[in-house]
Structure formats: structure tokens, C-alpha cells
Amino acid sequence: MLRRDINELLTQTGPGTPMGELFRQYWIPALLAEELPENDAPPVRVKLLSERLLAFRDSDGRYGLVDEFCAHRGASLWFGRNEGSGLRCPYHGWKYDVTGQCIEVPSEADNSSFCQNVQLTSYPLVKIGDVLWTYMGDAAHQPPLPEFEFVHVPAEQTYTSKRWQQCNWLQAFEGGIDSSHVTFLHSGGLKTDPLFKGAKGNEYNMKDTKPFFEVADSEGGLFVGARRNAEPGTYYWRITPWVMPSFTMVPPRGDHPVHGHFWVPIDDENCWTYSFDYHPVRALTDAERQAMIDGHGVHSKNIPGTYRPEANMDNDYLIDREAQKRGDTYSGVAGIAMQDASLQESMGPIVDRTKERLVPADSGIIKARQKLRKAAIALRDEGVRPPGVDPAHHRVRSAAVVLPQAESFLDSCRDAVTATPGVAQSSV
């Protein structure tokens, strides 16, 4: 179990909280590039770390992320006119540039300097790959830009989606480093999902339902190794990297693309799940990309025009009890992404971890909580820079390998868990 005060420390991410300040040390996904597809596109509401913000792309193609509300009377700038290299409040015409600087107050005299002293809170917004990233911390300590492999391979080799998840970021993230549930919850998907099926590793997953976990520290977070029996004298290892605060990668299967996630707090009871697929050495096929769009693999089928899944808590995730009885799906919920989300959301907005009973298979979760808590307190009390900020920590991969029983997974797989351009993933 986890003490209530520690649970609160790990789950509260608003301004001034230890975990909120921790998240503000990193570049985090703010929205997908497709949400601002062209210059002067309509602005987009963005809520991150309990701050209500607005993203827009100006007439010159520059991206901005600013306080949602006009400094004059507090009207939402979402109603604003995006034109002439700025966003104009429709209430009284005050205009702001992408840095949040007020550049025009129509009611003031032409020679007035009033607007020079009006500045909205703003954060940098940068396109890398198909994601728009922001840094919400102290500008004096802004780190270098992210170097995760999925946003740096050619566009034809990668795909990213997002979905709204109605629970705290931590319980969603913990599912991403929990490899033991795959044998049960996702057993149907291992047989039928076009982005998972057909891999030799699936057989090991299904035959050995009692994985042994070994967790190793890394500079940026952890490597969580799940070991299952393979052929005599060998083990099948699935190695999940975690880079602080909330980046994880799913170990690959066969020549399928590599999957992964970012969990970004909206507020304490909701988060954005960014899910990606990429292949290090080839383009995604048309069939693979269409499967991702259709909500297979780690992606969800969303309500058109939104990032809310079609299967959600309001419709009981479209659970099909007959499919559950037949064994088509283990839980009756279709789709790997929503199988995870349905159970994570079922815990409530913030799960009460004082009631949980953990087992050795939860060792990755236990160590991740410890590392997060230690980093948040060290940042708060001593100003210590947390792991995962350095771009060198981003150059990791997940791996699936078969090793002789006597070999250490990390000693034998250092190359496999390092992202090397032009080198294929290690997969079974």
C-alpha cells in the first residue's frame, strides 16, 4: 500500500505542487500538429497541469501557447480572431502575439505605451515530428529539445494519436510499465490485432502466465524486464524503458512497428494519452497506418472531431459480454488501448493506493513511484535537476529477446535498448 500523503504528492500536478513542478522541468506534448494545420487556423483550448491555455498558429507560421483569458476583462480568447500575426479578443479588440505580449489596445491613444506592460502567461510551443511540445518551467532552465526516436524518424515511418483518459496520469502510466497483465487482458489481441498478431513472442506470453520481474536503473528512469520461459535453457525477456516523467515504450513483436506512450496530466483527474507507432528502418505500410487510424494496437477509435474514444465510461466502453464468453476478448472490451483505459478509469479519478496489495510482479511500479517521489522532493528541497531532462536519456528503445538463462537481461541487451538510427529493433 502507499501512504495517503505520498499518493497525493505523486498525483497532484497543479502549479506549486512538487509533482507539478517536476513535470515543468521537461518538454511535454501539448497537442498534435494536426490540431493547428495551417497559419491563422482557429485557436485550440489546451489544459495542461491544471492551467487553462490556448494554442494558436499565427500568420507567419509561429506557434504560441498562452493564457486562455484576455488580460482586460477575462474573456476567453478561444473566441478570438486569429489574423494579422496575432490573436485578437473579440470583446474589445485587444491583440496578442505568440509570446503573450499585448501588441494593440484599440481604445488607447496611438502614442500610448499601455500595451507594452500587458503580458499574458505564455510558454514556448515547438513542432518536432507530428507533436507540438511545450516547456512550462523557468525559462532560464529550459532544456534542449526532445530526442525521442519516434519524432525524429522520417514522417512515413511514424504515426501518433492521442486520447482523453478520465483518470489521474499516474494510474494510466503505471499500466504502461506493467507487463504481467498482457497475458490476461490482451490475450485476444495477441491473436487478432493486426499490429500484434503473428509474433513468436506471443506464444511465450500465452504459455507462461507468471513472469518474473527484474528492474534496472537507467540514467533517465528505469528498464523493467519481464522474464518468461522460452525453449529449454532460455528465457523470453520483454524490456520496457521508462523515461521520466511519463514516457514508456511497449516491447516489440516480430516486425510490427514499435509502440509507446506519453501520459500528460490535464488536471488531477484527467490526462492525455499520446500513443505512437514507428519503425526504425522502414516506412509504415498502408495497412499498418490504416489499422492505427482505425484504433488497433495502442490507438483508439475516437468520436469524429474529438479526441475522446468512441468507447468510453458513458457507454460502458461498449462492453460485449458475449464476446467475453466466447473468448474473443478477455474483458469484453474491444481494442488494446481501451481495454487498458477502461480498467484504469474504473479505479476512479484518483485510485486510493492505501487499499492496494502489491506483489513481486509490481516491482517496476514500486520502483517508479520511489524514483518519482525522490526526484520531486530533491527538486523542491534542493533544486536538483531530475532524471530524463537530458536528451541523451531519450535515446532508448524497448526490446524483446530470447537469452540463455544464465545471462543478465541488461548486460546482454545494452545495444538493443539504445536507439541507433538505421538499426532495426530487437524483437521476437
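The charged end of Arg45 sits over the ring of Trp78, 3.8 Å from the ring centre. A charge counts as over a ring if NZ of Lys or CZ of Arg is within 6 Å of the ring centre and within 35 degrees of the ring normal. Arg227 places its charged end over the ring of Tyr235 in this way, 4.0 Å from the centre. The model is predicted: local features need pLDDT of at least 70, side-chain atom pairs count only at pLDDT 80 or more, and totals for chains, interfaces and linings use all residues. Residues are numbered from 1 along each chain as its sequence is written, and side-chain values use heavy atoms, with hydrogens and water left out.

The whole structure holds 23 salt bridges. In a salt bridge, a side-chain nitrogen of Lys or Arg lies within 4 Å of a carboxyl oxygen of Asp or Glu. Arg24 and Glu51 form one of them, at 3.0 Å from N to O. Arg24 lies in the loop between α2 and β1 (27-32), and Glu51 in strand β3 (residues 51-57), so the bridge ties together parts that are 27 residues apart in sequence. Helices (H or I, at least four residues) and strands (E, at least two) are DSSP runs, numbered from the N terminus. Both Arg24 and Glu51 are buried. Buried means under 20% relative accessible area, exposed over 50%, and partly exposed in between (1.4 Å probe, protein chains only).

Arg308 and Asp314 also meet in a salt bridge, at 3.0 Å from N to O. Arg308 is buried, at 16% relative accessibility. Asp314 is exposed, at 59%. Arg326 and Asp328 are bridged at 2.7 Å, N to O. Here Arg326 is exposed at 55%, and Asp328 is partly exposed at 38%. A network of salt bridges links Glu174, Arg353, Glu356 and Arg369.

Aromatic pairs number 19 in the whole structure. Rings of Phe, Tyr and Trp (its six-membered ring) pair if their centres lie within 6.5 Å; planes under 30 degrees apart count as stacked, over 60 as edge-to-face and the rest as tilted. The rings of Phe173 and Trp242 are tilted, because their planes stand at 45°, with centres 5.4 Å apart. Phe173 is in helix α3 and Trp242 in strand β15 (residues 234-243), 69 residues apart. Phe173 is buried at 1% relative accessibility, and Trp242 is buried at 1%. Phe184 and Tyr330 pair edge-to-face, 6.0 Å centre to centre, with 70° between the planes. One aromatic cluster is formed by Trp133, Phe148, Phe150, Phe247, Phe262, Phe276 and Tyr278.
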